[in-house]
Amino acid sequence: MSAPAGEEPEEPDLTALLDLVLQLVMFFLAVARIDNEMRDQSVVLPQASIARSLTKDYNKIVIVNLFPAPPEEGQPAPDPNARVGKVKYSVFEGYGVREYGSEIEVKNALKGKIEADQKATSKADWDAGKGRSLIVLRAHKSCNFKQVFRVMNAAREVGYLDIQLRAYVAGVQPR
Amino acid sequence: MSRQGRTARHHDAAGIVPRVPIIPMLDMAFQLLAFGLYCFDLSADKIEGQLSLSLPRAGADTSTPTTSEITEPEEDYTIRVTSDGSGRVAGVELTTSRAPTPEPLPRDILPLANDLKARVERKLAANEQPPKLDMQFDPDLNYQVVFELLSAADTAKFKKVSPSLLEAPKKPGG
């Protein structure tokens, strides 16, 4: 339908649409950043032939990544399938990631977290085993069990009761 | 510039209506949105699988036994996995609180999972509780192998699966 002669054609108000689209862009940028931080790219998870799909039956989550220490300057990058010598740790909780060089530092970080959990939970719930964050351990597939168990032990010693291990589901390759 | 001059120029510009180029901005925003949608993997949760385990409590278990525990103690299983020195499995053996003599189990994942599943099902068929399982791994074992073994045990629906470090075998008379 053409505009009557002498009147200017009406234009749709695109400003509101632009606002909405920019909001969506900001949302995706923020979410993608958090997602990448949670899934540390230096961790190559084991490939599981039988593992359950992820469930969201938790309220609070602390992700501990365990990965080979990066090579020193001038050294070649290690073979991703070679057995891991020195390891590093990163802990993601809430809104940030922190890297640690030893399991003692990880233990201290987890201790701070469980103390915060305890403060935020009633005594009755805490004694019933509720209110604790879920510890998710994402360990590199070439680590040995001793390296992985150190993190489990640190979590146990500060008072966590359960742990969740992560692996790539069979037949699915990460990007 | 004098004050009079500035006022005159302001009057000249008053007739010009500034326009923001909305349409190219919208085009660019849609491009960014498409890029974000492509990069943000909506199926990321399908890449990773989970395995939930219990961490054994530190120290001895001092819990008060219940009546049923006094009349008929539950049978707990222990699986010991040894390494061949290169991170692979050398042997898998099972002991239980009722049968402390080690019994060899399959080393491959699927036969092991089926074996453990059959044992738990036999327990359930006899109206017994599913046992707790302590899996002791050699510290040298590769994590990939450990994860596979743990997930095999997880499918068997034990009451509780706890990983731990392999204890040194007890010396006779020690």
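The crossing of helices α2(A) and α4(A) is right-handed. In this predicted model, helix α2 covers residues 103–119 of chain A and helix α4 covers residues 145–158 of chain A. The two pack at an angle of about 35 degrees, and their axes are 9 Å apart.

**Chain A as a whole**

- Chain A holds four helices and seven strands.
- If you walk along its sequence, the elements of chain A come in the order α-β-β-β-β-β-α-α-β-α-β.
- Chain A has 175 residues, and 36% of them count as buried.
- Take the contacts in chain A between residues at least 6 apart in sequence: 71% of these join residues at least 24 apart.

**Chain B as a whole**

- Chain B has five helices and six strands.
- Along the sequence, the pattern of chain B reads α-α-β-α-β-β-β-α-β-α-β.
- Of its 174 residues, 37% count as buried.
- Among the contacts in chain B with a separation of 6 or more, 62% come from residues 24 or more positions apart.
- Chain B exposes about 11,100 Å², and carbon and sulfur atoms account for 57% of that area.

**Where the chains meet**

- The size of an interface is often given as the accessible area lost when the parts come together.
- Here, chain B and chain A bury about 4,800 Å² between them, and 63% of this lies on carbon and sulfur atoms.
- Three residues, Glu48(B), Gln50(B) and Tyr143(B), supply 18% of the area that chain B buries against chain A, more than any other three residues.
- Counted by residues, 55 of chain B are in contact with 55 of chain A.

- Leu55(B) sits in the loop between β1 (48–54) and α3 (67–71) of chain B.
- Its relative accessibility is 5%, so Leu55(B) counts as buried, the cut-off being under 20%.
- Across in chain A, Leu55(B) touches Met152(A), Ala155(A), Arg156(A), Tyr160(A), Leu161(A), Asp162(A) and Ile163(A).
- Within chain B, the C-alpha atoms of Leu55(B) and Lys160(B) are separated by 9.6 Å, although the two residues are 105 apart along the chain.

**Two loop residues with positive phi**

- Asn127(B) has a phi near 60 degrees, which is a positive value in a residue other than glycine.
- You will find Asn127(B) in the loop between α4 (109–125) and β5 (132–137) of chain B.
- With a relative accessible area of 74%, Asn127(B) is exposed.
- Lys157(B) likewise has a positive phi near 60 degrees and is a residue other than glycine.
- The loop that holds Lys157(B) runs between α5 (143–155) and β6 (160–165) of chain B.
- Lys157(B) counts as exposed, at 53% relative accessibility.

- Glu121(B) is part of helix α4 of chain B.
- Its relative accessible area of 47% makes Glu121(B) partly exposed.
- Glu121(B) and Glu148(B) are 27 residues apart along the chain, and 21 Å separates their C-alpha atoms.
- Glu167(B) belongs to the segment after β6 of chain B.
- At 48% relative accessibility, Glu167(B) counts as partly exposed.
- Leaving out residues up to four places away in sequence, Glu167(B) touches Arg80(B) and Gln136(B).
- The C-alpha atoms of Glu167(B) and Arg80(B) are 8.6 Å apart, while 87 residues separate the two along the chain.

Note on methods: Residues are numbered from 1 along each chain as its sequence is written. Chains are lettered from A and ligands numbered from 1 in the order in which they are written. This is a predicted model: local features need pLDDT of at least 70, side-chain atom pairs count only at pLDDT 80 or more; totals for chains, interfaces and linings use all residues. Side-chain values use heavy atoms; hydrogens and water are left out. Axes are lines fitted to C-alpha atoms, for helices over the stretch in contact, and angles run from 0 to 180 degrees between N-to-C directions. A crossing is left-handed if the near helix is turned anticlockwise from the far one by less than a right angle, and right-handed if clockwise. Buried means under 20% relative accessible area, exposed over 50%, partly exposed in between (1.4 Å probe, protein chains only). Contact means heavy atoms within 4.5 Å. Buried area is the accessible area (1.4 Å probe) that two parts lose on being put together, summed over both. Accessible areas come from the Shrake-Rupley method with a 1.4 Å probe; for residues, only the protein chains shown count as cover.
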